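Subject: Structure for your review

Dear colleague,

Please find below the sequence and structure that I am handing over to you. My account of the findings follows directly after them.

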Amino acid sequence: MNQQDLQLLLDGGFDPVAYWSTRPVKIWVVEVSRRVGCETKKHTMYVRSRTRDGAEECARENTFIRGNVSARARLATPRDLGCVPTGATQ
């Protein structure tokens with residue numbers, strides 16, 4: 001099972017690229033990390049930005065991890081934002 005299959009399973013077919021394509025400002029989930037010896041420090045941030053590069057830059061500037069950090073952003077899904085499915089309507 002690849003990452004796309006897993007996303008489809010967990011998010012019920014939600015397509016974040018299609019959803020966020022009509023919105024000028026998007027919400028990104030940014031994973032900031034830094035490897036120190038054999039330990040990896042990680043910090044997940046939710047950032048509003050127009051672009052992936054902007055989100056990654058904002059996360060690097062605002063993380064509590066100091067030093068040379070790497071940042072990887074992806075578009076937020078409803079699950080990331082705490083949404084839950086509603087019951088079936090009759």
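A residue is called buried here when its relative accessible area is under 20%, and exposed when that value is over 50%. Asp-80 has a relative accessibility of 15% and therefore counts as buried. Please bear in mind throughout that this is a predicted model.

Asp-80 lies in the segment that follows β3. Leaving aside neighbours within four places in sequence, Asp-80 is in contact with Val-29, Tyr-46, Arg-74 and Leu-75.

Overall architecture

The chain holds 3 helices and 3 strands, arranged along the sequence in the pattern α-α-β-β-α-β. Of its 90 residues, 29% are buried. The accessible surface amounts to about 6,700 Å², and carbon and sulfur atoms account for 51% of that area. Considering contacts between residues at least 6 apart in sequence, 51% join residues at least 24 apart.

In soluble globular proteins, nonpolar side chains tend to be buried together. The largest nonpolar core in this model has 13 residues, and the members with the most contacts inside it are Trp-28, Val-30, Val-32, Val-47, Ala-55 and Ala-59. At least two residues of this core come from each of β1 (26-36), β2 (39-49), α3 (52-62) and β3 (70-75).

Trp-28 deserves a separate word. Not counting residues up to four places away in sequence, Trp-28 touches a list of residues that includes Met-45, Tyr-46 and Val-47, then Arg-52 and Ala-55, and also Ala-73, Arg-74 and Leu-75.

The strands

β1 and β3 run antiparallel and are joined by 6 bridges. Within this pairing, Val-32 has Ala-71 of β3 as its bridge partner.

In a regular strand the side chains alternate between the two faces of the sheet.

Ser-33 is found in strand β1. With a relative accessibility of 18%, Ser-33 falls under the cut-off and so counts as buried. Apart from residues up to four places away in sequence, Ser-33 touches Thr-40, Lys-41, Lys-42, Val-69 and Ser-70.

Aromatic rings and cysteines

How many aromatic pairs does the model contain? The count comes to 1 aromatic pair. The rings of Tyr-19 and Trp-20 have centres 5.0 Å apart and planes at 85°, so this pair is edge-to-face, the angle being over the 60 degrees required for that label. Trp-20 is buried, with a relative accessible area of 7%, while Tyr-19 is partly exposed at 36%.

The count of disulfides comes to 0. As for the cysteines themselves, Cys-38 is exposed at 75% relative accessibility, and Cys-58 is partly exposed, with a relative accessible area of 30%.

With kind regards

Conventions: Residues are numbered from 1 along each chain as its sequence is written. This is a predicted model: local features need pLDDT of at least 70, side-chain atom pairs count only at pLDDT 80 or more; totals for chains, interfaces and linings use all residues. Side-chain values use heavy atoms; hydrogens and water are left out. A nonpolar core is a set of buried Ala, Val, Leu, Ile, Met, Phe, Trp, Tyr and Cys residues joined through side-chain atoms within 4.5 Å. Buried means under 20% relative accessible area, exposed over 50%, partly exposed in between (1.4 Å probe, protein chains only). Helices (H or I, at least four residues) and strands (E, at least two) are DSSP runs, numbered from the N terminus. Contact means heavy atoms within 4.5 Å. Two strands pair if DSSP finds at least two bridges between them. A disulfide is a pair of cysteine sulfur atoms within 2.5 Å. Accessible areas come from the Shrake-Rupley method with a 1.4 Å probe; for residues, only the protein chains shown count as cover. Rings of Phe, Tyr and Trp (its six-membered ring) pair if their centres lie within 6.5 Å; planes under 30 degrees apart count as stacked, over 60 as edge-to-face and the rest as tilted.
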